[in-house]
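Open the model in a viewer and keep a selection panel at hand.

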Amino acid sequence: ATFVPTKDNTYIFKTFWDINGVIKNVLSNKTDYFIGDTIDKTKVVVTVQDTNDGATRNLSTSEFNVSPTTVTKAGTNQIQVTYTKTGATATFDVTGKEVTPTTLKATYSGSSITVGEAVPKNSIQCVVNYNNGTSKTLSTSDFSVSPTTIANAGTNMITVKYQDMSTTVSITGTKKTVTPSTSPSVNQTLQ
């Protein structure tokens, strides 16, 4: 991380005569974050000069604030540190990374389906895993299935698609049962 002191005209006179509370250095031991992550203050080392003899010390996390508190974009994000006792500020940079899906898993929990009937999306559970270690269970409106109906008796492989990722689930199709007619046959003769 690069140390960049921020000019603050209200402290120019003070820092010239009395350098108590001046931020001497800021270092972040964590520089890579995902968009939306909170800045980890325990990884930020803020060094201040608390006395006029040049002695320095590191602040505790309760003695400084960071702004913004979360990573907002991909690429370089400038974070400002403020020493709460004096208002002195400095900045450091962190790198924001996009949160992207890495894997898709789908499971079918329903029973067999009659040939010609629709694939029941509400019986398919889809979970997407992301590169930041999180996962999300998708709603039925988030994914599509293909084919949308059961084509034959036996095993039917159904493709489940979310964004650019896909996987398959197996659904058993059953034959349609035909109920015999109870009406008289055309060839029957009346007596």
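**Whole chain**

Display the surface: the accessible area of the chain is about 11900 Å², and 50% of that belongs to carbon and sulfur atoms (Shrake-Rupley method with a 1.4 Å probe; for residues, only the protein chains shown count as cover). The model is predicted, so to speak of local features requires pLDDT of at least 70 and side-chain atom pairs count only at pLDDT 80 or more, while totals for chains, interfaces and linings use all residues. Residues are numbered from 1 along each chain as its sequence is written, and side-chain values use heavy atoms, with hydrogens and water left out.

Switch to cartoon: the chain has 1 helix and 15 strands (DSSP runs numbered from the N terminus; helices are H or I with at least four residues, strands E with at least two). Of its 191 residues, 27% are buried (under 20% relative accessible area; exposed is over 50%, partly exposed in between, with a 1.4 Å probe and protein chains only). Among contacts (heavy atoms within 4.5 Å) with a separation of 6 or more, 50% are between residues 24 or more positions apart.

**Cores**

Select Ile124, Cys126, Val160, Val169 and Ile171. These have the most contacts inside the largest nonpolar core, which holds 19 residues (a core is a set of buried Ala, Val, Leu, Ile, Met, Phe, Trp, Tyr and Cys residues joined through side-chain atoms within 4.5 Å). Two or more residues each come from strands E9 (101–108), E11 (124–130), E14 (154–162) and E15 (165–174); E11 gives the largest share, 4 residues.

Centre on Cys126. Beyond its neighbours within four places in sequence, Cys126 is in contact with Leu104, Lys105, Ala106, Lys136, Thr137, Leu138, Phe143 and Val160.

Next, select Val44, Phe64, Ala90 and Val94, which are among the 18 residues of a second, separate core.

Arg57 is partly exposed, at 30% relative accessible area.

**Backbone stops**

- Ser67 and Pro68 are joined by a cis peptide bond, omega about -5°; Pro68 lies in the loop between strands E6 (64–67) and E7 (75–83).
- Ser146 and Pro147 are also joined by a cis peptide bond, omega about -5°; Pro147 lies in the loop between strand E13 (144–146) and E14.
- Gln163, a residue other than glycine, has a positive phi near 50°; Gln163 sits in the loop between E14 and E15.
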